[in-house]
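Good morning. Please have the sequence and the model open while I talk, and look along as I go.

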Amino acid sequence: MTDLSPTAPGETETNHPIVLVDGVTKRFPGVIANDDVSLAIYPGEVHALLGENGAGKSTLIAMLSGMLQPDSGQIHVRGTTTTISSPRRALELGIGTVYQHPTLVPTLTVLENLMLGAPWNQRMNRAATRARLTEISNTLGITLPEDARLGDLSLGQQQQVEIVKALWRGEQVLILDEATSMLTPKGVDDLGQVIDRLRTAGIAIVFITHKLNEAVRFGDRVSILKLGQKVGDLTPQQLAELSPEDAIRNIVDLMFGAASQGESTAGSESKSELQSAPVVLATQRLATFAGLDEPSVTQVEFDVRAGEVFGIAGVDGNGQKQLAEALAGQRPITGGTLTLEGRDISRQTVVQRQKAGLRYVTDDRLGEGTVGTFSIGVNMLLKRIGDDPFWRRGTIQRKEVERHAETLIERHDVRTPGPDTPIGRLSGGNIQKALLARELDNAPLAVIYNKPTYGLDANNIQFARRAIRDQADQGVATIVISTDLDEILELSDRIGVMLGGRMVGIVENDRDAQRRVGELMIGVGVAA
Amino acid sequence: MSIEASEPTAATAGTDEDGAALPEWLVRVILALVPILLALIAGAVILLLLGRDPISFYVNIVRRGLISWIGLQETITRCAPLILLGASLIVAFRAGLWNLGVDGQFLLAAVVTAALSAWMIQSVPSWVVLPVGMIAGFAVGAVWSLIPALLKAYQGVNEIVTTLMMSFLGVSLANVLIKIPFNDPNTTVPQTMTLATTDRLPRLFDTTINIGVVIAVVVILIVHWVMTRTAFGLRLQTVGANPKAAMHAGLSVPLLTVVTFGLSAGLAGLAGSVEILGVWGNVRADWNPAYGLAIIPLVFLARFNGIAVIGFTFFFAMLSIGGETASRRADLPNYFILVLVALILIFMALTEWLNHRRALARRV
């Protein structure tokens, strides 16, 4: 069984799972990450493991790949109870994992990367490696440039190398952790073909995702995790009988209960009311030069009234982030003006703008929004270090910091053991709640949200969108930058479209908006 | 290479949600003491293999470095520059910057302080000379960090490389200064003019301990308080833990970087000044104790905690004072004590690795 030779599907279906997870429980301080979870993984079958952020998917995978040990319960591999004591042991057992984050060396070639796993005391054998690469590539139906530097490959191809590496020793189980998160739509299609070939070759695939449609699209069998528990599954028979829409509806019911569909929240104030509201934030011919590696922003003009949601749509990388940073003060404005309630603030610092009521909710929550090792309490005040009453005569008042954090934690329903917990230990959704809590605290006038629901699960997406809309209804001038057109259409009163660092058009969010925004995004009807 | 911010930050200290395991502070104490204990045990094994009596070796260290009155005074006196260097490194490390140039800053400040104070004492009383000498030492150290600081702040040049290079340059420049402009013509060995014993830092009561150690303890306590309790300290820690977040929060990362370097290097310079004004009175061309590199692991062992640094420094000072005698009695080279230090480092790395695994296991 160390060979990837294709076998006909169905014939080898012996109905014996290759890996059987039996009642596995894993606890962390304050959390049960996996609570009595059981799964069966069969050869030649794609087992989609679906769950929100923090549902326990990563923990389960960590146990299958030998990074963690279960507290109780057992894992059977090929019928025998097995302790997967280390990642190396997992590979020996034939379980290969492709992690969400790249694990290869970008400066080495494809071939060199594949030779890295060889025992240290043996000569590296280029010819054998090349042959093995060809063999696996043929099975997968892909071609890889063996001598190209890995960093020069597209993310999709890099992932293919990861897959090859995970199958290098004839592994029979392949775990794909959020495999589509970095891929283009084309890349996802390619991945789908690779998965088909693997299924045909009799490999058991565990496909971890938080996206419903992917679970249904790729999975032969779907298991749903929620808060550490397996709340349900769909067998291959069930999946075959249901249409994709029905399958998704079934899964949604399992994941969130019946009530989950978001209603369109835009336009809760009438247009005329909005038009009479005062302009809060406005730019005139705004420009920021971002160097040669990033898109610069030029000639951006828009205004946002109190209570209005102004959506900024566009394909990713057309200057949205640079615009947001220029508005927030993180990036110098090199031309034009930015006014808040009529005052020119284009020369003000981040802190001055923050104090004046302009807030920026960054899309890079862990990278720049928070300091992962600091407590939630401190992170909630990260932009107000030194302010009364949290610091008196320069000295921190821990009681005040804690009280402040507890208030915000409660108001925004942040799930955390307490305000002292390092924020990096929270799940993505809760970190976003904490960030929203920080930026919306203390009387905001205008708030810029950059991709506010990026990477969140359905529940937290709804929560975040409701929070955004509620703030706007209270009179906050709101800018929502998003690459998710549905989100823009759901939230916005008016929509501006960014293309090549310019705002190429602003449209009212009416029935025709989707078509016109879509055209503007790809440059149709834009004066050169 | 980055400094892991695994140590407690200002506001995370306190209760931990981890009910079943040991309290966090106790774990830290154990993590700090275990490598020392293991190193002593491993050292004993080596001594046995060499046919020496480990117990009498360790007893000799303690007897000479801690119990004998003369030795204890030497140990405490030795603590002064070490603690100040510890304070210097705490500032830098907590802000996420590797100031590895402390030895150059220390020596250069020592030379300038020695020359300046010996020259000034001819015309002004010592109560003026001493503070001026310390301020000068601080300033010299700070200035010597300016190039690495500016390169790091505005060009992102790796400060590990630049501070180390500036350290070598500083040591060489100190040598030149001793041999040419500041050379005392009345001695055969090249050295600076000497500050008379009576003009040096006053001694505590009836001992040979000068007030340098008091200065050092006060300084490191202030540094500890500033870093853990004040807004300024939190800003530095934010820059250290996540510079992008610091920028996002509107902190001027380049400015804070330069300030951090200035403070850290200034304190290293102050250490040099105190050592000269308190103990030596001059600098000989062959004198370079290189305390800085010895103190770096201690600062890590102490997890950047100022109070803990005082404890470890005392232990290290005792080890080096008592170790000389103990090695001589056991008929071992003077450098045997370095074997113990090396063992501590090895076990420290091991404990750190185990702790890292523990931290990984805690992640949800």
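Helix α1 (residues 24-49) and helix α2 (residues 54-67) of chain B cross at roughly 125 degrees, and their axes come within 9 Å. The two helices α1(B) and α2(B) are therefore oblique to each other. On the terms: angles under 35 degrees count as roughly parallel, over 145 as roughly antiparallel, 65 to 115 as roughly perpendicular, and the rest as oblique. Axes are lines fitted to C-alpha atoms, for helices over the stretch in contact, and angles run from 0 to 180 degrees between N-to-C directions.

Before the next pair, a word on the source: this is a predicted model, where local features need pLDDT of at least 70, side-chain atom pairs count only at pLDDT 80 or more, and totals for chains, interfaces and linings use all residues. Residues are numbered from 1 along each chain as its sequence is written, and chains are lettered from A and ligands numbered from 1 in the order in which they are written.

Which residues of α1(B) and α2(B) meet? From α1(B) they are B:Leu40, B:Ala44, B:Leu47 and B:Leu48, and from α2(B) they are B:Pro54, B:Phe57 and B:Tyr58. Contact here means C-beta atoms, placed from the backbone, within 7 Å. By type, this contact has 7 nonpolar residues, no polar and no charged. Nonpolar covers Ala, Val, Leu, Ile, Met, Phe, Trp, Tyr, Cys and Pro; charged covers Asp, Glu, Lys and Arg; the others, Gly among them, are polar.

Now helix α8 (residues 212-229) of chain B. Its axis and that of helix α11 (residues 253-280) of chain B come within 10 Å and cross at roughly 160 degrees, so α8(B) and α11(B) are roughly antiparallel to each other. In this contact, B:Gly212, B:Ile215, B:Ala216 and B:Val219 of α8(B) meet B:Leu267, B:Val274 and B:Gly278 of α11(B).

How many helices and strands does chain B have? There are 14 helices and 0 strands. Helices (H or I, at least four residues) and strands (E, at least two) are DSSP runs, numbered from the N terminus. Of the 364 residues in chain B, 49% are buried. A residue is buried if 20 or more other C-beta atoms lie within 10 Å of its own, exposed if 12 or fewer, and partly exposed in between, with C-beta atoms placed from the backbone.

Is B:Leu354 buried or exposed? This residue, in helix α14 (residues 336-362) of chain B, is exposed, because 12 other C-beta atoms lie within 10 Å.

Last, chain A. An open sheet of 6 strands has the order β16-β19-β20-β13-β21-β22, with mixed pairing. Strands pair if DSSP finds at least two bridges between them. The edge strands are β16 (358-361) and β22 (502-508) of chain A. Strand β16(A) runs parallel to strand β19 (residues 446-450) of chain A, joined by 4 bridges.

Terms used. Contact = placed C-beta atoms within 7 Å.
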